[in-house]
Amino acid sequence: MTQLQEAQRHELITNAKQVITDELQAIQLLTKRLDNQFIDACQAILNCKGRVIIAGMGKSGHIGHKIAATLASTGTPAFFVHPSEALHGDLGMITDQDVVIPISNSGSTEELVTLCSVVKRQGTKLIAMTGKPDSLLAKLAHFHLNIGVEKEACPHDLAPTSSTTATLVMGDALAVSLLKARAFTPEDFARSHPAGRLGKRLSILVSDLMHSGDEMPRALPEETLERAILVMTGKQLGATLVIDSEQNLLSVFTDGDLRRAFESGIDLKRSSLAEVIDEGCFRILDSSLAIDALTQMQTKKITVLPVVDHNNAPVGIIHMHDLLKAGIV
């Protein structure tokens, strides 16, 4: 394996810093180009009764996939269509109710020009993202977003680098601006990301994870500590709810409480739960988010929480392990 010389190692870092500097400058140029065209483009998308369709060839197509995904996950229904596929049958996916965003740094990509010429005739709105305001695509579109850069980060000014970065950032600017205009909330985001960690945190309820019915450990206050141990062992939650005959939640008895009782020398076979528990305990509503249960457990430094309904009647128990298994933590 060839080992780089010290000068070569230093040059790698120097080159990398130059790329980042060049791309930062390209992004900064975008802020000066945001004008009424951007506002009108946002308005067209907000008024759109169909879908936003992104199209692009080559590297622009790769960036287009990402922009479409970002739009779709932030409240703007969108998908990507490959221009060549569109011209060979997929054009039927585009209607006059849609908005098409063709992406081309040159603004003259043949497949995109043909695609946009066809869909414009059927009444579809066009928002071109190009690096050339005088290009054919820019003139063909109803609105134009200038993503031009002074130079690519590639030393030969050939490989799409700064230009693709600028395109991606413009797409993010569009998506986030629309997100805020729609008053899109974290809860809305969670609905389109139900399997993600954020989605779980904002959608899973305590009632989805709690142990209820026969799974809920419970004991009467007059029962012995020995009986409580059997209940705790059987349910394997390290705790039992203490509930009176009228179904009032009195307390929760944990394995920590058991250790302290044992260390005090109390007779486990003769002593009742009523002798060792402190009445009153933390609790959480079954309709609460599971993340709220986690917050309370972390704040109170506990591992189990009794769960009650809106009438304050005990309906279950939730353990920190349940939150771990569900990916809430």
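What volume does the largest pocket have? Keeping in mind that this is a predicted model, the largest pocket comes out at a volume of about 370 Å³. Of the 21 residues that line this pocket, the ones closest to its centre are Ser251, Val252, Thr254, Asp257 and Arg260. If you are looking for the elements behind that lining, strand S8 (249–254), helix H12 (255–263) and strand S10 (304–308) each supply at least two residues.

Let me turn to a single residue. Thr240 lies in strand S7, which covers residues 239–243, and its contacts beyond its sequence neighbourhood include Ser251 and Val252, both of which are also among the residues closest to the centre of the largest pocket. Thr240 is buried, because its relative accessible area is 0%. Its side chain reaches the backbone nitrogen of Arg218 at 3.2 Å, while a polar atom of that side chain lies 3.5 Å from the backbone oxygen of Pro217.

Finally, the second largest pocket has a volume of about 160 Å³ and is lined by 15 residues, with Met57, Ser60, Ser104, Asn105 and Ser106 nearest its centre. Helix H7 provides the largest share of this lining, namely 3 residues, and the lining of the second largest pocket divides into 5 nonpolar, 8 polar and 2 charged residues.

Methods:
Residues numbered from 1 in each chain as written. Predicted model: local features only at pLDDT ≥ 70, side-chain atom pairs only at ≥ 80, totals over all residues. Heavy atoms only, no water. Helix = DSSP H or I, 4+ residues; strand = E, 2+ residues; numbered from the N terminus. Buried < 20%, exposed > 50% of the residue type's maximum accessible area, 1.4 Å probe, protein only. Polar contact = N/O pair within 3.5 Å; in protein donor to acceptor, adjacent residues only side chain to side chain. Contact = heavy atoms within 4.5 Å. 1 Å grid on protein atoms, 1.4 Å probe; cavity = no way out; pocket = protein on both sides within 12 Å on 5 of 7 lines; lining within 4 Å. Points joined across faces, edges and corners; volume = space filled by probe spheres on them. Nonpolar A, V, L, I, M, F, W, Y, C, P; charged D, E, K, R; others polar. Lists of a residue's contacts leave out its neighbours within four places in sequence.
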